[in-house]
Amino acid sequence: MVRAIIIDDEERAQRVFKNLLNQFCSNVTILEVCSNVPDAVIAINKYEPDVVFTDIEMPNYSGFELLSFFKEVNFEIVFTTGYNEYALKAFEVSAVDYLLKPIQIDQLEKTVNKLEKLKHSNMQIRVDILKENLKNSEIHKIALPTFNGLIFVSVQNIVYLEADGAYTKVILKNKKSLLVSKKLKYFEILLENRSQFYRIHRSTIININYILKYSKSNNCISLENDTSVTISRDRKMAFESHIKNIRL
């Protein structure tokens, strides 16, 4: 069972969300429904829930400020939000769950099923990264799911990414290689607004800031971490045009 507390300042939103959980998520026990963060803090300390579903925009204290009331966080947070597409990407890369309003039943069921498998790890770090990413027009930090748990990295420290079946190898500035349980396409979409990242091959995305040398004759790119990668012929002209037009 998943033991939950709901925070929302609107009574109608409270009723709708409570009814959805009761009707479609029988594995969720609602411990209390709160209208504001201070009341929720009291309820969390009393019941020690597995998860808190919280709205973001509320009077006095926002949902983001909830964790500032706790020295240790032993619960998961799922934000209910009406944010735009960019903001939703920020949630995803920060490894913070969200439900987009109006809440869809299939998404709610998916989120609840995931909660049963999660451990309450690094919640404060994840929310801090989320807030940082939301302040900017670009993603700056991301949470990478690896076999050893979430690894948090700055995007600027990524030298290149390489497809490895259903996984992606992420090579960092310090030469550390992380095997991440995401396909390369995920990162291509994630980094599409970052001009320094370019997909030079169906299996490779590089950070142009780390290029040491580009040899047009053999389509070879040398990177700062003593690595050489090959650009595919069909992407060569577009790549050369791209690096001429960007500001590094």
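Author: Let us begin with a term: a residue is called buried when its relative accessible area is under 20%, exposed when it is over 50%, and partly exposed in between. The model under discussion is predicted.

Reader: Is Tyr198 buried or exposed?

Author: The limit for a buried residue is a relative accessible area under 20%. Tyr198 has a relative accessibility of 16%, so the residue counts as buried.

Reader: Which parts do Tyr198 and Phe239 tie together?

Author: The two residues form a tilted aromatic pair, with 5.5 Å from centre to centre and 55 degrees between the planes. Phe239, at 0% relative accessibility, counts as buried. The pair ties together parts that are 41 residues apart in sequence, because Tyr198 and Phe239 lie respectively in strand S11 (residues 197-201) and helix H7 (residues 233-245).

Reader: Why is the pair of Tyr61 and Phe69 described as it is?

Author: Planes over 60 degrees apart count as edge-to-face. Tyr61 is partly exposed at 33% relative accessible area, and Phe69 is partly exposed at 34%. The ring centres of Tyr61 and Phe69 are 5.2 Å apart and the planes stand at 75 degrees, so the pair is edge-to-face.

Reader: Which residue stands opposite Tyr214?

Author: Strands S13, S14 and S15 form, in that order, an open sheet with antiparallel pairing. Its edge strands are S13 (211-215) and S15 (227-230). S13 pairs with S14 (residues 220-223) over four bridges. Within S14, the residue opposite Tyr214 is Ile221.

Methods: Residues numbered from 1 in each chain as written. Predicted model: local features only at pLDDT ≥ 70, side-chain atom pairs only at ≥ 80, totals over all residues. Heavy atoms only, no water. Pairing = 2+ DSSP bridges. Helix = DSSP H or I, 4+ residues; strand = E, 2+ residues; numbered from the N terminus. Phe/Tyr/Trp six-rings, centres within 6.5 Å; stacked < 30°, edge-to-face > 60°. Buried < 20%, exposed > 50% of the residue type's maximum accessible area, 1.4 Å probe, protein only.
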